[in-house]
Amino acid sequence: MTELDARASTPRLQDRLEAINDLLRRREALVALEAATPAGDTEALAAVDAGLQATLDALHPADLADVLESLPLEGRLAVWQRVRSDRDGEILLEVSDSVRESLIADMDDSEILAAVEPLDADELADLVDDLPTEVLPELMASLDAQERERVQAAMSYEDDQVGALMDFDMVTIREDISLEVVLRYLRRFEELPAQTDKLFVVNADHVLTGVLPLHWLLVNSPDKMVREIMAPDVNTFGPEDDAYDVAQAFERYDLVTAPVVDAHMRLIGRIAVDAMIDFIREEGEAEALSRGGLREEEDIFASVWKSVRNRWAWLATNLVTAFIASRVIGLFEHSIERLVALAALMPIVAGIGGNSGNQTITMIVRAMALEQVGVNQAARLWRKELGVALINGLVWGGVIGIVAWLLYDSASLGLVMTAAMTLNLLLAAFMGVGIPMLMVKLGRDPALGSSVLITAMTDSGGFFIFLGLATLFLM
């Protein structure tokens, strides 16, 4: 079977989710029948339970995490209770923070300890903040001194620092041994740590002196010494380095793993590409949420109250800005009464301005995230974006101006429409650059509520510009 055939024969996750939902519905119906009728169909219920268990057992932990996130709370807990206990820890690592909270709440202390004790130190550090405080002393006591020290070290770093993402599962060798000795050493392992593409070469003081890629080990003579073929120039990172910068380095240099060293070049851990991928995905999701004004990732099936708490802040801001926009319209209500066409046309000016502003702000926020631009380049960016806005305003404002002229038989209305569209696109470009720059100057995330703010500016500004021009030139 070819790789393409294998992919084609693998059920999509959505198909599996539908199958699990169907089994849950059938089970619920059989349980209700058994409760109502003493002679319920126990064989059918057992068959459904067996089918559900087999389906769950066949899923990868990451796929099970997706299934759990896609189920309402009642179905999620029904599935969670049937997950094999030896897989609980892996799944807790994969699910989102909001869903993890609901799963842990359904576990007792002994189940939590059994799930997390087998995890590595870096994985434990990811979960500690979500665990009940009463299980932490027993958990830490169950670890040996080295593991406890590693967990505490990982927890001491911020979430966006390399130290919080590094792992300690790596293979180190000395430079004064032959490749044959290295090969014999590696054969003692049942398996190598995941993502192992190189061995880290250290001296007696555990100072990193180089790396030995595995393929170099295989293609060189076993009689050669490690120091002869190792790469002394290594991409190293410190535990306090910004994870986003490190992720860019992984992409730039096509890294799979890289050593993490302290100020004295002593090897303290490694950072792997899977951790970088997870970090970038989480950062992208957080940025998308913050652009929409959401404070944190939200369980799609969360309670009404939790969802309200997550969304209220920027909705309140939106309410204020909408009220301002309505007052702007109120200033020109006599003009709208005299020329009803204004009421039909003004949403076009505001809507196009909002879309253009969101395009600009998306480009600027992305460029700032990639460190392609900074606050000191604001003037250059304004010149460029205002030029784009001017051309788009004249072209598309001209198009809608001609349409307004033909619809309402008024050339002057068409000219006002063109002018208003152009001016509002210029406003959108100015604010699209200015809002993220101001956020950065204030030490805030430039994506935070950016779409809400730009829409508020282009709505109020668009209404004011269009209705103001119409009042001046058409009344």
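**View 1. Lining of the second largest pocket.** Asn21, Leu24, Arg25, Arg27, Glu28, Val31, Pro72, Glu74, Gly75, Ala78 and Arg82 line the second largest pocket of this predicted model. Helix H2 (13-36) and helix H5 (73-80) are the elements that each give two or more residues to this lining. H2 provides the largest share, six residues. By class, the lining holds five charged, four nonpolar and two polar residues. The pocket contains about 270 Å³ of space. A pocket is an open set of points on a 1 Å grid where a 1.4 Å probe fits, with protein on both sides within 12 Å along at least five of seven lines; lining residues have an atom within 4 Å of a point.

The residues are numbered from 1 along each chain as its sequence is written. The model is predicted, with local features needing pLDDT of at least 70 and side-chain atom pairs pLDDT 80 or more, while totals for chains, interfaces and linings use all residues; side-chain values use heavy atoms, without hydrogens and water.

**View 2. Packing of helix H20 (residues 341-369) and helix H22 (residues 411-441).** The axes of H20 and H22 lie 8 Å apart at an angle of about 30°. H20 and H22 are therefore roughly parallel to each other (angles under 35 degrees). The crossing of H20 past H22 is right-handed. Their contact has 23 nonpolar, six polar and no charged residues.

**View 3. Whole chain for orientation.** The protein has 23 helices and five strands (DSSP runs of at least four residues for helices, H or I, and at least two for strands, E). Its C-alpha atoms fill a box of roughly 90 × 75 × 50 Å along the principal axes.

Conventions
Points joined across faces, edges and corners; volume = space filled by probe spheres on them. Nonpolar A, V, L, I, M, F, W, Y, C, P; charged D, E, K, R; others polar. Axes fitted to C-alpha atoms, helices over the stretch in contact; angles between N-to-C directions. Parallel < 35°, antiparallel > 145°, perpendicular 65-115°, else oblique. Left-handed = near helix turned anticlockwise from the far one by under 90°.
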